[in-house]
Amino acid sequence: LFWFFGHPEVYIIFLPAAGAMSTMIPAIARTPLVGHTLVVLAMLATGFISFGVWAHHMFTTGMPTISTSYFSAASMAVSVPAGIQVFAWIATIAAGGLVIFVMGGLTGVMVAMVPFDWQAHDSYFIVAHLHYVLIGGMVFPFFAAIYYWLPMSSIRPLSERLGRWVFWLMFIGMHVTFLPMHVSGLMAMPRRVFTYLPSRGLELPNLISSVGTAIMTLGVLLWIIDMVRNFR
């Protein structure tokens, strides 16, 4: 019941961010969005197909083969409209959120493969995949939208100089945090477990991830300072 809501909801969360990206990118690039009609149709297709992927994270529960085959196919199919949007944005202008989202999409295609999912399920690989998709697909576009539209509700825009620091700290911190989790996941570190046995080779990737969270937190803190300064 949770996944019947939870997995379509992940894709639905992405739709407002996709709309924001499709509005901001052409304005910043000062050129029409490449494949505008296809992007609109892709957003509709995402909303439709997303309701057919809800068992995506249940491959290891002993489902019938026909069910795993269907949901595996649907999970791969939902990447097609996302790919259309991403390539339209790339053709218009490149952006940091796209890099993260595409990397998350690639690992999404990996976990859509049932044999691979049996190995990676409930490991930190899934944690890494989830955060790449959500941060690349929603968080970075959300921050971009704040910087883009805030001047409409404020007497001045946020600092571009600080904004560059915010972007690079968050971008680097994001990769430093979650990229090693793919490795620790394939090294059999389970998710939802707060500790792990020593001498399993997990200390280094977890240390790197901890450093990454500090870098990313610093970026968000700079943004908060700039927001407070703006609205004081």
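The second largest pocket has a volume of about 640 Å³. Its lining is made up of 32 residues, and Y11, F101, G104, G105 and V133 are the ones nearest the centre. Two or more lining residues come from each of α1, α4 (79-92), α5 and α7. Sorted by class, this lining holds 19 nonpolar, 12 polar and 1 charged residues.

Before going further, a word on the model and the terms. This is a predicted model, in which local features need pLDDT of at least 70 and side-chain atom pairs count only at pLDDT 80 or more, while totals for chains, interfaces and linings use all residues. Residues are numbered from 1 along each chain as its sequence is written, and side-chain values use heavy atoms, with hydrogens and water left out.

On a 1 Å grid over the protein atoms alone, a cavity is a set of points where a 1.4 Å probe fits but cannot get out; a pocket is an open set with protein on both sides within 12 Å along at least five of seven lines, and lining residues have an atom within 4 Å of a point. A volume is the space filled by probe spheres set on the points, which are joined across faces, edges and corners. Helices are DSSP runs (H or I, at least four residues), numbered from the N terminus. Ala, Val, Leu, Ile, Met, Phe, Trp, Tyr, Cys and Pro count as nonpolar, Asp, Glu, Lys and Arg as charged, and the others, Gly among them, as polar.

| Space | Volume | Lining classes |
|---|---|---|
| Largest pocket | about 820 Å³ | 20 nonpolar, 4 polar, 2 charged |
| Second largest pocket | about 640 Å³ | 19 nonpolar, 12 polar, 1 charged |
| Largest cavity | about 40 Å³ | 8 nonpolar, 3 polar, no charged |

Of the 26 residues that line the largest pocket, I28, A144, Y147, G163 and F167 lie nearest its centre. α1, α5, α7 and α8 (160-186) each give at least two residues to this lining, and α8 contributes the most, with 8.

How many cavities of 30 Å³ or more does a search of the whole structure find? There is 1. Its lining includes F14, W89, F101 and P141. At least two lining residues come from each of α1 (2-29), α5 (96-112) and α7 (124-149), with α1 supplying the largest share, 4 residues.

Now for the packing. A nonpolar core is a set of buried Ala, Val, Leu, Ile, Met, Phe, Trp, Tyr and Cys residues joined through side-chain atoms within 4.5 Å; buried means under 20% relative accessible area, exposed over 50%, and partly exposed in between (1.4 Å probe, protein chains only). The largest such core has 22 residues, among which M174 and W223 touch the most other members. α7, α8 and α9 (203-231) each supply at least two of its residues, and α7 gives the most, 8. Beyond its neighbours within four places in sequence, W223 is in contact (heavy atoms within 4.5 Å) with F143, I146, Y147, L158 and V166. A second, separate core of 13 residues includes A18, A82, L98 and F101.

Finally, take a look at L179 in helix α8. L179 counts as partly exposed because its relative accessibility is 40%. Leaving aside neighbours within four places in sequence, L179 is in contact with M103, Y132 and M174.
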